[in-house]
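Subject: Structure for you to look at

Hi,

Here is the structure I promised to pass on. Please open it next to this email and follow along.

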Amino acid sequence: MARSTIDQLLDGNAGFVTEEWAPNAEYYKSIAARQTPKVLWIGCSDSRVSEHQMTGSKPGTMFVHRNVANIVAFNDVNISAILEYGVVHLKIEDIIVCGHTRCGGIAAIEDGVHENYIADWLCIATGAKEAADRIAKERKLSREEKLAVLTEENVKLQIKHLRNLALIKNMHAKGSLPRIHGWLYRVESGTIDVLVDGQGAVKPAAKKPAKGRR
Ligand SMILES: [Zn+2]
C-alpha cells in the first residue's frame, strides 16, 4: 500500500536523524543546549519558500516568522513578540524580509479577495498596491510585470513598517542595529535577488523583469 504523506514525513525524519543529525551530532547537541540564530527571517507561508533550504543553512541559523505575503503587521502581537525576543533576547543583528515570485498573496492583493480574514490581512499591503498601480500606469506594464513590481514594492513597504515599529525605531535611534535586508526569492530558479541591502540602499524601483524569469 502506498505510504501516506504523513508516513512519508515520519520516514523523512528517520532519514534526517541517520543522514544529517547523527553525522553532525556535535553541532546538533550544541544547538540543543542553546539556540544562537544570527538572522531573524520574515517570509511567506508558501510551501515552496523554505528559508533554511534556499540558503543552504542548517537548523539553528534563523529565527523565523512566516505569514501570508511576508507582511509586517504593525498591530500584530505575534510578530512583535518574535521581534522582541529575536533582537532583545537573542541579540540578532540582521532581519531579512523575503518576498517571492508567484506569490498567491501578492496575486490576491492585485485582484482583491472576498474571504474576510484574508482580505483584512492583505489590507496591510495597500500602500504597495497603490505604488504598483502608479508604476504600472506610468510604464504600461503587463499583468505579469505588474505582479513583479507589486512583489518588490510589498517587501519595501513591509520594511518600512518594520522600521516604524517602536521597538526597531528606538533601537535605530541609538545606532544602526538591527540591519534590515529585503530579498526576493525566485521560485522558478531558486535564486535570491537583493532588493534592499543591510545599509538601507534600495534597488531602483520596479525594473522590468528579465524575459522568461517570471
Ligand atoms: Zn507567498
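Met 171 is found in helix 9. Helices (H or I, at least four residues) and strands (E, at least two) are DSSP runs, numbered from the N terminus. Residues are numbered from 1 along each chain as its sequence is written. This is a predicted model: local features need pLDDT of at least 70, side-chain atom pairs count only at pLDDT 80 or more, and totals for chains, interfaces and linings use all residues.

Back to Met 171. Met 171 touches Val 87, Leu 177 and Pro 178, not counting residues up to four places away in sequence. Contact here requires that the two C-beta atoms, placed from the backbone, lie within 7 Å. Met 171 and Ile 31 are 140 residues apart in sequence. In space they are 27 Å apart, C-alpha to C-alpha.

The peptide bond from Leu 177 to Pro 178 is cis, with omega near -5°. Pro 178 sits in the loop between helix 9 and strand 4. Most residues other than glycine have a negative phi, and most peptide bonds are trans.

- Asn 70 has a phi near 40°. Asn 70 lies in the loop between strand 2 (62-67) and helix 4 (77-89). Asn 70 is buried, with 30 other C-beta atoms within 10 Å.
- Lys 140 has a positive phi of about 50°. Lys 140 is in the loop between helix 7 and helix 8. Lys 140 is exposed, with 8 other C-beta atoms within 10 Å.

Next, how the helices pack. Axes are lines fitted to C-alpha atoms, for helices over the stretch in contact, and angles run from 0 to 180 degrees between N-to-C directions. Angles under 35 degrees count as roughly parallel, over 145 as roughly antiparallel, 65 to 115 as roughly perpendicular and the rest as oblique.

Start with helix 8 and helix 9 (residues 166-174). They pack at an angle of about 75°, with their axes 5 Å apart. Helix 8 and helix 9 are therefore roughly perpendicular to each other. Leu 162, Arg 163 and Asn 164 in helix 8 meet Ile 168, Lys 169 and His 172 in helix 9.

Helix 7 and helix 8 pack at about 140°, with their axes 8 Å apart. That makes helix 7 oblique to helix 8. Residues of helix 7 that meet helix 8 include Gly 127, Ala 128 and Ala 131. On the helix 8 side, the residues include Lys 146, Val 149 and Leu 150.

Helix 5 also packs on helix 8. Their axes come within 10 Å and cross at roughly 105°. Helix 5 and helix 8 are therefore roughly perpendicular to each other. Ile 106, Ala 107, Ile 109 and Glu 110 in helix 5 meet residues of helix 8, among them Leu 147 and Thr 151.

Which residues of helix 5 (residues 104-111) are buried? They are Gly 105, Ile 106, Ile 109 and Glu 110. Seen down the axis of helix 5, the buried residues fall within an arc of 140°, so they line one face of the helix. The arc is that of the directions from the helix axis to the C-beta atoms. An α-helix has 3.6 residues a turn, so residues three or four places apart point the same way. What covers the buried residues of helix 5 includes strand 1 (39-44), helix 6 (116-122), helix 7 (126-139) and helix 8 (143-164). Gly 112 follows helix 5, with a positive phi near 85°.

One more loop. Val 187 lies between strand 4 (179-185) and strand 5 (192-196). Val 187 is partly exposed, with 15 other C-beta atoms within 10 Å. Val 187 touches Arg 48, Val 49, His 100, Thr 101 and Arg 102, not counting residues up to four places away in sequence.

Best wishes

Methods. A residue is buried if 20 or more other C-beta atoms lie within 10 Å of its own, exposed if 12 or fewer, and partly exposed in between; C-beta atoms are placed from the backbone.
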